Amino acid sequence: MRKLAICAALAAAFAPGLALATDGYYADGYGLKGKGRAGTGTAMATDAFGGANNPASMVFVGNRFDIGLDLFSPRRESERTGSAAGIDGQADSDSNYFLIPEFGYNKMINPNMSLGITVYGNGGMNTDYPGGQISSGTACGPATGPGTGFNPAPGPYNLLCGNGSLGVDFMQLFIAPTLAYKFTPNHAFGISPIIGYQRFKAEGLQAFSAFSSSAANLTNQGYDAAWGYGARIGWLGQLSDTVSVGVAYSTKIYMQNFDKYKGLFAEQGGFDAPESYSVGIAFKATPSFTVLADYRRINYNDIPSVGNPSASVVQCAGGNSAFCLGGDSGAGFGWQNVNVYKIGFEYQYDNELTLRAGYSYNHNPIRAQDVTFNIIAPGVVQDHLAFGFTQKTKSGGELTMFYMHAFEQSVTGSSLFNNFTPPGASAGTETIKMHQDSIGIAYGWKF
């Protein structure tokens, strides 16, 4: 238990650096071995990250400890064009590099039962756009007549007509103690109670004050933090010498509200983590070559602050306060549920070296009509290609490395500001785009 506590403490110390976005704002995989297979592994046991993948896998990996670090680099760009209202602009997000730690520990209680812990993170709505793209004297404000002016303060303005820099900083950290039990030699069940912690801040959203139920708690309030709880369960079965199947389900993680941002997120600052589930199969085509396939579902749309349509602010402007930012039906980012399809390959080159590769595709959670709000959360990437390897060391450990590239993807849509500009003063169209690279190194050992 002392080692479990040390893992949790180390993860908390690194928490402020977490940031990633691949399957929406959920990571493409957890554990560098799995990441080298593009996140496949629901039906495979290779490391101590079962608490994030499939809790049942832990009883098959034995006594081991894994620690690693991932250098993640997302590149975000947003642009508005064709605006007769004079609010065209373009900006690239700063803060392009993030270090992401990972920890996993597993201990066999007896031959059929294990107790371990996995510490992992999500994030990725991390943007940091400089301000000043839009000058004073435009439709951003101050208001000069009916239907004009989004911001009562003088300019210059950022891409969302606010003042100063524009962006959000969001991270989630999960600590998952894991109990796994073999109820037959080839089948196991596992459960991971999940302790969640998340942190958030927003800047530069002053133009939406008129659409907020609590304008004083909309933007530029510094960091706010919240704790929560949930659970993940899983089953892993080795059906034959060549085929394994796994299933895992994670409940919604029920989080405390962000009180400092109760005028931004729906339900007075609510921001739960969505439920998800995955199914996978691993087929050993030869004694040294394994093919894996996973399907994953993330129900973003069930979280009001994430899934509510951004166009709800139009109903707020029409006098229905429930649709104002922070209201029970308040505007969100309009994210749709995401289906993720993954295929991975693992080749045991010799007794010391294992090679990996994989490809992952996910549906884009962001639709064209929600582009404006998602300038600060452009989680649009869909195609991911990954490679990795593990080399056994002379000391008996395992050195693992991986590389992932998420290809550039963009979404273009009519600006939400078009709903508030006078006739003939179009706010134009907006485009958000992103691509990503990630490289990581980890060390694991059995004991």
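Cys316 counts as buried, at 8% relative accessibility, where buried means under 20% relative accessible area, with a 1.4 Å probe and protein chains only. This is a predicted model, in which local features need pLDDT of at least 70 and side-chain atom pairs count only at pLDDT 80 or more, while totals for chains, interfaces and linings use all residues. Residues are numbered from 1 along each chain as its sequence is written, and side-chain values use heavy atoms, leaving out hydrogens and water.

**Exercise 1.** Find the partner of Cys316 and describe the link.

*Solution.* 
- Step 1: Look for a disulfide, a pair of cysteine sulfur atoms within 2.5 Å. Cys316 is joined to Cys324, with 2.0 Å from S to S.
- Step 2: Take the torsion about the S-S bond; at 85°, this link is right-handed.
- Step 3: Check the partner's surroundings. Cys324 is buried too, at 8% relative accessibility.

**Exercise 2.** Work out which parts of the chain the disulfide of Cys140 and Cys161 ties together.

*Solution.* 
- Step 1: Confirm the bond. The sulfur atoms of Cys140 and Cys161 are 2.1 Å apart, and the -65° about their S-S bond makes the link left-handed.
- Step 2: Cys140 and Cys161 each lie in the loop between β4 (113-123) and β5 (167-184), so the pair ties together parts 21 residues apart in sequence. Strands here are DSSP runs of E, at least two residues, numbered from the N terminus.
- Step 3: Read the accessibility: Cys140 is buried at 0%, and Cys161 is buried at 0%.

**Exercise 3.** State how many disulfides there are, and their pattern.

*Solution.* 
- Step 1: The structure holds two disulfides.
- Step 2: Counting bonded cysteines along the protein chain gives the pattern 1-2, 3-4.

Notes: Helices (H or I, at least four residues) and strands (E, at least two) are DSSP runs, numbered from the N terminus. Buried means under 20% relative accessible area, exposed over 50%, partly exposed in between (1.4 Å probe, protein chains only).
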